[in-house]
Amino acid sequence: VDDLKKVLTNVKSRGIFGELQLKIILEDIMSNQQYLENVKTDPNKNERVEFAIKIPSKSENDKYILLPIDSKFPRADYEKILDAEKTADQEALKSAVDGLVTRITSEANEIKKYINPPETTDFAIMFLPTESLFAEVLRIPDLFDNIRRKYNVIITGPTTITALLSSLQIGFRTLAIEKRTSEVWNILSAVKTEFDKFSNYLAKTKVKLQQTVDDMDKVQKSTQTIGQKLKNVEYLENKESEKYLGLENTLPFSEEKMGGNAKENDFDK
């Protein structure tokens, strides 16, 4: 704990600690395309806010406005309150609380300059990196509401900003669905049209298949009839079969052409 306190004694280190924690929360909840780092909210000023959430436009696909978020960590002012509570020094406690109020108010005024409608929302967010510090700020009467009304800055802790970002994420998804509603309906209409065509093709195919089945049934019945007739046909001699089939004097190995001396192997040849 002592080593950690030494690290956090430096103001810059404390700022980096708060900024890093805020970045981790953003990475856990939002995608990289949904927020920006160290961005100018006013092109005419050099100030850059640590993070800004990209709030998509409802009417235009590529248009968005920024929600500024800045982390603050007034650790020294908070520790003075803790020390005064330990010693039960009411005067020191009152002085420490007043000091924290002054510091939070000053930070809110600093964050206010990042608000630049219509490029940004009409409010910004102050992130306090520890729940205990956030709870202490909430304990101070009217501080939270005064900051919100006077500076349009909302104070959050790790839990509250997580809930806020989660709500924004759900809103983004709802908006994305709403913006693509017409496209979805067009797709569904196209699918319905093609499905109707497919249904017609299927009906026609069914008719053709049924007709083919009927034709096959007729062929099968005819085949059976022919088979029944053929059973009644007796064996005919060569000349009689040639006569019935119209093959008289056309076979190369008929007995007459062979002079009556045709052999069995000659016919085989």
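This is a predicted model: local features need pLDDT of at least 70, side-chain atom pairs count only at pLDDT 80 or more; totals for chains, interfaces and linings use all residues.

User: Why is Asp70 called buried?

Analyst: Buried means under 20% relative accessible area, and Asp70 has a relative accessibility of 3%, so Asp70 counts as buried.

User: Which residues does Asp70 touch, leaving aside those up to four places away in sequence?

Analyst: With those residues left out, Asp70 touches Val49, Glu50, Ile111, Tyr114, Ile125, Met126 and Phe127.

User: What makes the pair of Lys113 and Glu110 a salt bridge?

Analyst: The label requires a side-chain nitrogen of Lys or Arg within 4 Å of a carboxyl oxygen of Asp or Glu. The closest N and O atoms of Lys113 and Glu110 are 2.5 Å apart, so the pair is a salt bridge. Lys113, with a relative accessible area of 27%, is partly exposed, and Glu110, at 33%, is partly exposed too.

User: How do you know that Arg139 and Glu85 form a salt bridge?

Analyst: Their side chains meet at 3.7 Å, N to O, and the cut-off is 4 Å, so the pair is counted as a salt bridge. Arg139 lies in helix α5, residues 131-139, while Glu85 lies in helix α3, residues 75-87, and therefore the pair ties together parts that are 54 residues apart in sequence.

User: Why is Arg139 called exposed, and why is Glu85 called partly exposed?

Analyst: Exposed means over 50% relative accessible area, buried means under 20%, and partly exposed lies in between. Arg139 has 56%, so the label is exposed, whereas Glu85 has 34% and is therefore partly exposed.

User: What makes Glu136 a salt-bridge partner of Arg139, and how far apart are the two in helix α5?

Analyst: The side chains of Glu136 and Arg139 meet at 3.1 Å, N to O, which is within 4 Å, so this pair is a salt bridge as well. Being 3 residues apart in helix α5, Glu136 and Arg139 are separated by about one helical turn. Glu136 has a relative accessible area of 6%, which is under 20%, and so Glu136 is buried.

Definitions and conventions
Residues are numbered from 1 along each chain as its sequence is written. Side-chain values use heavy atoms; hydrogens and water are left out. Helices (H or I, at least four residues) and strands (E, at least two) are DSSP runs, numbered from the N terminus. Buried means under 20% relative accessible area, exposed over 50%, partly exposed in between (1.4 Å probe, protein chains only). Contact means heavy atoms within 4.5 Å.
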